[in-house]
Amino acid sequence: MPSLDQVLALNGGALKLRSQRLNMLASNIANASTPGYKAKDLDFDRAMQQAQNGSSVEKAASDHTGFRVPLQPSLDGNTVELAVEQTLFAENAIQYRTTLSFLNGQVSSIKRALKGE
C-alpha cells in the first residue's frame with residue numbers, strides 16, 4: 001500500500017514547481033524596465049521529470065532554471081519581453097490552479113476513504 005507521501009507526491013511536487021515558476025515570471029515582469037536584467041525561466045517539464053526520478057523538487061528546479069533568450073534584444077541589455085512574460089505567467093497560473101484542483105481532489109478522496117464513505 002503506498003504511503004500518503006507517495007500518493008500526493010506527483011501533484012505536490014508539480015504545485016511547488018509551478019509556484020516557483022510563477023515567482024520567476026512575476027520577477028521578470030517586475031523588472032521589465034530594469035537595465036541589464038536577465039529574464040529567467042524554469043523548464044517545468046524537465047524539472048518535473050527529474051523530480052519524479054527521485055531528485056528533490058528544489059534541486060530539480062535549480063537544475064532546470066536558465067536565462068531566456070529574447071526574440072528582440074533590448075539596447076539596455078534587459079531580456080524581458082513583457083508580452084511573452086505576461087502570457088507565460090497567465091498560462092502557468094492556470095496550470096497552477098489545475099494542479100491545485102487535482103491535489104484537493106486527492107485529499108478529499110483520502111478523507112472520504114478514512115471516514116468510510
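Two residues are in contact here when heavy atoms lie within 4.5 Å. With that in hand, welcome to a short tour of this predicted model. T79, for instance, is in contact with Y37, K38, A39, R68 and P70, once its neighbours within four places in sequence are left aside.

**The annotated span**
- UniProt, in an unreviewed entry, lists residues 13-38 as "domain: Flagellar basal body rod protein N-terminal".

**The nonpolar core**
- The largest nonpolar core has 11 residues: A14, L17, M24, L42, F44, A47, M48, A51, V57, A60 and A61.
- At least two residues of this core come from each of helix 1 (4-30), helix 2 (44-52) and helix 3 (57-63).
- Helix 2 gives the largest share, with four residues.
- L42, one of the core residues, is in contact with L17, R21, M24, A47, A61, H64 and T65, leaving aside its neighbours within four places in sequence.
- F44, also listed in the core, has R18 lying over its face, at 3.5 Å from the ring centre.
- As for pairs between aromatic rings, the structure holds zero.

**The loop between strand 2 and helix 4**
- R68 is found in the loop between strand 2 (65-67) and helix 4 (82-115), and T79 lies in that loop too.
- R68 has a relative accessible area of 14%, so R68 counts as buried, the cut-off being under 20%.
- T79 is likewise buried, because its relative accessible area is 11%.
- The side chain of R68 makes a polar contact with the side chain of E85, at 3.2 Å.
- Not counting residues up to four places away in sequence, R68 touches L25, N28, A39, K40, D41, T79, V84, E85 and L88.
- T79 and Q95 are 16 residues apart along the chain, and their C-alpha atoms are separated by 24 Å.

- N23 has its place in helix 1.
- Its relative accessibility is 53%, so N23 counts as exposed, the cut-off being over 50%.
- From N23 to A61 the C-alpha distance is 12 Å, while the two residues are 38 residues apart in sequence.

Note on methods. Residues are numbered from 1 along each chain as its sequence is written. This is a predicted model: local features need pLDDT of at least 70, side-chain atom pairs count only at pLDDT 80 or more; totals for chains, interfaces and linings use all residues. Side-chain values use heavy atoms; hydrogens and water are left out. UniProt positions are given in the numbering used here, feature names are shortened, and annotations may be inferred rather than shown by experiment. Rings of Phe, Tyr and Trp (its six-membered ring) pair if their centres lie within 6.5 Å; planes under 30 degrees apart count as stacked, over 60 as edge-to-face and the rest as tilted. A charge sits over a ring if NZ of Lys or CZ of Arg is within 6 Å of the ring centre and within 35 degrees of the ring normal. A nonpolar core is a set of buried Ala, Val, Leu, Ile, Met, Phe, Trp, Tyr and Cys residues joined through side-chain atoms within 4.5 Å. Buried means under 20% relative accessible area, exposed over 50%, partly exposed in between (1.4 Å probe, protein chains only). A polar contact is a pair of N or O atoms within 3.5 Å; within protein, one must be able to donate a hydrogen and the other to accept it, and residues adjacent in sequence count only if both atoms are side-chain atoms.
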